[in-house]
Each structure stands twice: as C-alpha cells, then as structure tokens.
Amino acid sequence: MKSILFQIVILFFFTLLNISESLNAQTDPDKLLLKDFRPKSIYNVPVTRIEKAKYPIIDVHSHAYANTQEELELWVKNMDEAGIVKTILLTHAHGNEFDSLINFYSKYSNRFELWCGFDYTGYDKPGFGPDAVKELERCFKKGAKGVGELGDKGKGLFYCNPPAYGMHLDDPRMDPLLDKCAELGMPINIHVGEPQWFYEKMDSTNDGLMNAYTWRLDNQENILNLDEVLETLENAVKNHPKTLFIACHLANQNTDLEKLGRLLDIYPNLFADISARYSENAPVPRYTRAFFEKYQERLLYGTDMGFEKSMYETTFRILESNDEHFYEIELFGYHWPLYGFGLNDKVLEKIYNLNVKRILAEKLK
C-alpha cells in the first residue's frame with residue numbers, strides 16, 4: 001500500500017514539474033507563428049485607467065447583444081458605471097424580428113434606441129420599392145428611430161435579410177427608401193468597404209496581416225475596391241441631400257482620413273461614427289487627433305464591440321489619455337502598439353454626446 005502511495009506522489013511531483021517547465025519554456029523564435037505573437041510593452045511609461053467617460057455618452061453604434069434578461073441587466077449596469085446614458089442598437093432587422101427586439105428592450109426604452117433594416121425582398125424583380133417602403137413605415141411606427149447598419153463591402157448591400165448583392169446604395173432602386181428616410185427623419189448608418197489592409201497582398205509587407213487575413217478581400221472576384229465603394233456612398237449622399245447619413249467606422253478610411261474629410265467638407269448631411277476602428281487609428285495618434293479636431297462637429301462615438309466594461313474603458317483610454325505604446329491584442333486582433341489621442345474637453349464632449357443630440361433633434365430640412 002505504501003509503495004503504491006509513494007508511486008502516486010512521485011507521479012504527481014513529476015507531473016507538476018513538467019507543467020512548470022512547459023509554462024516557463026521559451027518558444028523557439030524560428031518556430032513562432034505570427035498568430036501566436038503576444039508582445040508586451042516594457043516601457044516604463046504612464047498607464048491610465050479611465051473607468052468612466054469624462055462626459056455622458058450616447059453610443060451610436062452597437063447591436064442587440066443581450067439575449068437574456070440577465071445579460072440586459074448587466075449591460076445597463078456596465079453602461080451606468082462607464083457613463084453611457086444611451087445606446088443605439090443597429091439591428092438590421094424588419095418584420096417580426098424587429099418587433100421582437102423592440103419588445104425585448106422595452107424595459108429600458110429610455111436607455112436603448114433601436115434602428116431597423118430595409119426589406120430587400122424582390123429587389124431583383126420588377127416592382128421593387130413600394131412594399132419595402134411600407135415595411136419601413138411600419139417599423140417607424142413600431143419604434144424605429146433610424147436605419148442600419150446597412151453594409152456593402154463591394155458586392156452589394158448584404159447586412160439586411162435577404163441580402164441584395166449587386167445593388168449598391170446609389171442604385172436607383174434605393175431612391176424611394178432613402179427619400180422616405182428623409183421624410184420620416186430617420187438617419188441611415190452605412191458600412192462601406194473595409195480597412196485598406198484587407199485589400200493588400202497577404203504577405204510580409206502587410207503590417208495589418210494578423211487581422212486582415214481573417215477578413216481579406218484581396219482574393220474576392222467582382223468586388224468594388226475601397227475607393228469605388230466609397231464613391232457609391234458619395235453618390236447617395238449627393239443625390240439625397242435631405243437624408244442624413246452616418247458612415248460608420250470612419251468610412252473605413254483609417255489609412256487616408258483626407259478622403260473622408262473631403263466628403264465631410266462637401267456634404268452637410270454626412271457624419272461618421274468612430275466605432276470599431278480605434279486600433280486602426282491609435283498607431284497614428286497625432287494624425288488622428290488633428291482630423292478629430294478639424295471635424296469635431298461631424299464625428300460620433302460608437303463601440304460595436306460588445307458591452308464589457310473593459311471594452312468601454314479601452315475606448316476612453318484611447319480617446320482621453322496620452323498613454324503610449326500599449327497593446328490590446330485580444331480586443332482588436334492587431335499586434336501593433338497603440339497610443340492615446342489626448343483629445344481636449346471641447347472635442348470630447350461633442351463626439352461623446354453633443355453632435356448626436358443635435359443631428360437627431362434637428363432633422364434635415
């Protein structure tokens with residue numbers, strides 16, 4: 001019996017030893033995979049934790065992430081602690097799906113605002129339009145305050161169900177819907193393209209490869225490139241001056257914000273949200289800060305990354321602090337260091353809430 005116990009103890013000891021050695025083992029650099037790269041900053045620089053935003057926030061870009069009452073309660077709790085007074089849920093939905101979401105979030109109707117999607121049923125057949133407009137009006141009466149997120153990554157509008165591949169935002173078939181949004185005072189949130197890394201060669205020259213490879217568009221056929229899909233947005237904005245458009249994710253012009261700036265200079269009915277592109281702009285903080293300061297009246301805070309409290313805190317750190325060389329790989333997927341923008345109070349308050357209050361209240365005439 002003692003012999004068996006002794007053997008068990010010895011086995012347990014060597015098991016722990018092997019685990020310890022495994023944890024402390026250094027990966028051979030020649031065998032390290034890019035996807036496993038997890039750099040840690042060793043700079044002794046300030047680290048800022050901002051648990052609550054400097055000003056109250058209206059988050060203009062989120063989705064219906066809560067699936068249970070418990071998750072909904074936790075979301076509201078996290079919003080309270082982070083300083084989020086209201087969240088706009090971009091649902092893509094219409095019909096019974098939209099109605100069920102309205103009912104689910106009705107307990108906190110003062111904290112969540114729901115936007116609907118378009119119904120593209122029959123878009124490829126003669127006579128498309130009137131039924132889609134009727135469904136839009138029905139969703140509006142049910143409680144929809146806006147439309148979106150619409151999405152076109154180059155093959156056509158596809159976020160709403162059914163997808164409408166081959167039809168872009170500037171297609172004449174979309175005109176009745178876009179005009180009705182102006183009549184009802186419903187802003188349209190639209191996602192065009194993807195960040196430029198996704199179109200580049202997937203090789204050693206692509207510094208966004210770790211994320212870009214997952215969402216690559218360089219190998220897609222019959223797809224508009226980033227400039228071309230941005231042109232469809234410009235055409236729609238130009239042709240519908242009374243309709244308010246929000247280009248989400250800074251219109252994915254993160255590597256060349258001047259292209260978005262040109263549109264903002266020309267079209268007063270165009271705005272942009274900054275959601276889900278913090279990591280694309282945080283590597284170039286001075287360039288981004290200058291853009292945010294110049295277009296401070298036209299930019300809106302958004303997240304599009306769930307509702308974890310730590311997620312909100314990361315956005316505050318990037319927007320409010322001057323922190324340098326920090327990583328958020330698990331949240332963003334990129335392996336490059338990030339830097340805070342250090343936005344001033346005037347710019348912060350406009351992006352956090354003043355701009356969206358103004359554009360949602362005024363309605364374009």
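Predicted model: local features only at pLDDT ≥ 70, side-chain atom pairs only at ≥ 80, totals over all residues.
Local features were considered at pLDDT of at least 70 and side-chain atom pairs at pLDDT 80 or more, whereas totals for chains, interfaces and linings use all residues. Residues are numbered from 1 along each chain as its sequence is written, and side-chain values rest on heavy atoms, with hydrogens and water left out.

Helices (H or I, at least four residues) and strands (E, at least two) are taken as DSSP runs and numbered from the N terminus, and two strands are said to pair if DSSP finds at least two bridges between them. On this basis, three strands make up an open sheet in the order 1-2-3, with parallel pairing. Strand 1 (57-62) and strand 3 (112-115) are the edge strands, each of which pairs on one side only. Strand 1 is joined to strand 2 in the parallel sense over four bridges, and serine 62 has leucine 89 of strand 2 as its bridge partner. Strand 2 (residues 84-90) also pairs with strand 3 in the parallel sense, again over four bridges, with isoleucine 88 standing opposite glutamate 113 of strand 3.

Burial was assigned from relative accessible area (buried under 20%, exposed over 50%, partly exposed in between, with a 1.4 Å probe and protein chains only). Five of the seven residues of strand 2 are buried, so this strand is largely enclosed by the rest of the structure. Helix 2 (residues 69-82) lies across strand 1, strand 2 and strand 3 and runs at about 130° to strand 2, where contact means heavy atoms within 4.5 Å.

A further parallel pairing joins strand 8 (residues 245-247) to strand 9 over three bridges, and in strand 9 leucine 270 is the bridge partner of phenylalanine 245. In a regular strand the side chains alternate between the two faces of the sheet. In strand 9 (residues 270-273), Leu270 and Ala272 point one way and Phe271 and Asp273 the other way, and all are buried.

Aromatic pairs were defined for rings of Phe, Tyr and Trp (its six-membered ring) with centres within 6.5 Å, planes under 30 degrees apart counting as stacked, over 60 as edge-to-face and the rest as tilted. The count by this rule is 17 aromatic pairs. One of them, between phenylalanine 316 and tyrosine 352, is edge-to-face, with 6.4 Å from centre to centre and 75° between the planes. This pair links distant parts of the chain, since phenylalanine 316 belongs to helix 11 (residues 309-320) and tyrosine 352 to helix 13 (residues 345-362), 36 residues apart; both residues are buried. Ring pairs also link Tyr65, Trp75, Phe104, Tyr105, Phe112 and Phe307 into a cluster.

A charge was taken to sit over a ring if NZ of Lys or CZ of Arg is within 6 Å of the ring centre and within 35 degrees of the ring normal. The charged end of arginine 298 sits over the ring of phenylalanine 271, 5.3 Å from the ring centre, and that of arginine 317 sits over the ring of phenylalanine 326, 3.7 Å from the ring centre.

Salt bridges, defined by a side-chain nitrogen of Lys or Arg within 4 Å of a carboxyl oxygen of Asp or Glu, number 25 in the whole structure. Glutamate 330 forms a salt bridge with arginine 38, with 2.8 Å between the closest N and O atoms. Glutamate 330 lies in helix 12 (residues 329-332) and arginine 38 in the loop between helix 1 (2-24) and strand 1, so the pair ties together parts that are 292 residues apart in sequence. Glutamate 330 is exposed at a relative accessible area of 65%, whereas arginine 38 is partly exposed at 41%.

Within helix 2, glutamate 81 and lysine 77 lie four residues apart, about one turn of the helix, and form a salt bridge whose closest N and O atoms are 2.8 Å apart. Glutamate 81 is partly exposed at 34% relative accessibility, and lysine 77 is partly exposed at 44%.

Arginine 262 forms a salt bridge with glutamate 234, the closest N and O atoms again lying 2.8 Å apart. Arginine 262 is in helix 8 (residues 257-266) and glutamate 234 in helix 7 (residues 226-239), so this pair ties together parts that are 28 residues apart in sequence. Salt bridges with shared partners join Arg49, Glu51, Lys309 and Glu313 into one network.

Key: Axes fitted to C-alpha atoms, helices over the stretch in contact; angles between N-to-C directions.
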